Amino acid sequence: GDEIEQRETLYDQFTGYMLDDLLARKRYDDRELGDDAPTDELRELVLYDNRLESPIPSSVLRLSHLRVLRLDRNRFDGPLPSFARLSQLETLHLHRNAFSGSLRLGEFDALSNLRVLHAARNAFTGDVPSFSTATQLTNVYLSRNALSNVTANVVANVSRLSVVDLS
């Protein structure tokens with residue numbers, strides 16, 4: 001358990017691995033991490049390019065100290081869950097999944113520290129939210145979705161934007 005206790009980032013291939021076991025039961029590579037394992041204090045959770053499927057484990061959505069969440073290149077589908085408990089989140093990568101439905105207006109209200117949202121190559125539809133409370137947002141990647149009114153909603157409400165990919 002010493003190796004993971006010294007890291008703020010958890011990165012591994014979890015194909016066929018029970019992510020909830022890691023976060024809820026505090027097990028990693030068949031080792032018990034103990035009750036004082038730092039999973040509650042993780043700052044980065046990098047799970048891209050696995051074969052993870054919906055739903056996103058609820059244990060991930062409770063990591064309140066998380067600053068970076070990379071769930072890209074997996075097999076997640078359906079509507080987005082609530083990220084409201086991830087209020088420290090600065091970077092959210094959701095691209096190359098099969099998320100669908102609308103990007104609900106209230107979905108990102110709690111993410112006032114969000115700087116990067118990468119949600120390209122999904123199946124989102126409807127209007128994009130205004131991100132009015134995401135005043136730190138600098139990069140938005142929403143290409144290859146079926147969104148409408150993207151430019152007006154995003155650009156009008158966020159003054160710090162430096163990259164907007166709507167292609």
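Is phenylalanine 76 buried or exposed, and what is its relative accessibility? At 0% relative accessibility, phenylalanine 76 counts as buried, and the legends below, which describe a predicted model, return to this residue in the third view.

**View 1. The whole chain, with its three helices and 13 strands.** The secondary structure of this predicted model comes to three helices and 13 strands. The chain has 167 residues, of which 43% count as buried. When contacts between residues at least 6 apart in sequence are considered, 45% of them join residues that are at least 24 apart.

**View 2. An open sheet of four strands in the order β6-β8-β10-β12.** The pairing in this open sheet is parallel. Strands β6 (77-78) and β12 (146-148) stand at the edges, and because each has a single partner strand, one side of each is left without a neighbour in the sheet. Between β8 and β10, which run parallel, there are two bridges, and here glycine 101 stands opposite phenylalanine 124 in β10. Strands β10 and β12 pair in the parallel sense as well, over three bridges. Along this pairing, the bridge partner of glycine 126 is leucine 147 in β12, while aspartate 127 stands opposite serine 148, also in β12.

**View 3. A cluster of Phe76, Phe99 and Phe124, linked by ring pairs.** The structure holds two aromatic pairs. In the pair formed by phenylalanine 76 and phenylalanine 99, the ring centres are 6.0 Å apart and the planes lie at 10 degrees, so the pair is stacked. Phenylalanine 76 lies in the loop between β5 and β6, whereas phenylalanine 99 lies in strand β8 (residues 98-101), so this pair ties together parts that are 23 residues apart in sequence. Phenylalanine 99 counts as buried, with a relative accessibility of 1%. The pair of phenylalanine 99 and phenylalanine 124 has ring centres 6.3 Å apart and planes at 5 degrees, so this pair is stacked too. With phenylalanine 99 in strand β8 and phenylalanine 124 in strand β10, the pair ties together parts that are 25 residues apart in sequence. Phenylalanine 124 is also buried, at 0% relative accessibility.

**View 4. Asparagine 74 in the loop between β5 (68-70) and β6 (77-78).** What does the side chain of asparagine 74 reach at 3.1 Å? At that distance lies the backbone nitrogen of asparagine 50, and at 3.2 Å the side chain of asparagine 74 reaches the backbone nitrogen of leucine 52. Asparagine 74 has a relative accessibility of 8%, and because buried means under 20%, this residue counts as buried. If its neighbours within four places in sequence are left aside, asparagine 74 is in contact with Leu47, Tyr48, Asp49, Asn50, Arg51, Leu52, Arg96 and Asn97.

**View 5. Aspartate 49 and proline 55 in the loop between β4 (44-46) and β5.** Most residues other than glycine have a negative phi, and most peptide bonds are trans. Aspartate 49, although it is not a glycine, has a positive phi of about 60 degrees. At 44% relative accessibility, aspartate 49 counts as partly exposed, and Asp49 is also among the residues in contact with asparagine 74. Further along this loop, which also holds proline 55, a cis peptide bond joins serine 54 and proline 55, with omega at about 0 degrees.

**View 6. Arginine 121 in the loop between β9 (116-118) and β10 (123-127).**

Note on methods: Residues numbered from 1 in each chain as written. Predicted model: local features only at pLDDT ≥ 70, side-chain atom pairs only at ≥ 80, totals over all residues. Heavy atoms only, no water. Buried < 20%, exposed > 50% of the residue type's maximum accessible area, 1.4 Å probe, protein only. Polar contact = N/O pair within 3.5 Å; in protein donor to acceptor, adjacent residues only side chain to side chain. Contact = heavy atoms within 4.5 Å. Phe/Tyr/Trp six-rings, centres within 6.5 Å; stacked < 30°, edge-to-face > 60°. Pairing = 2+ DSSP bridges.
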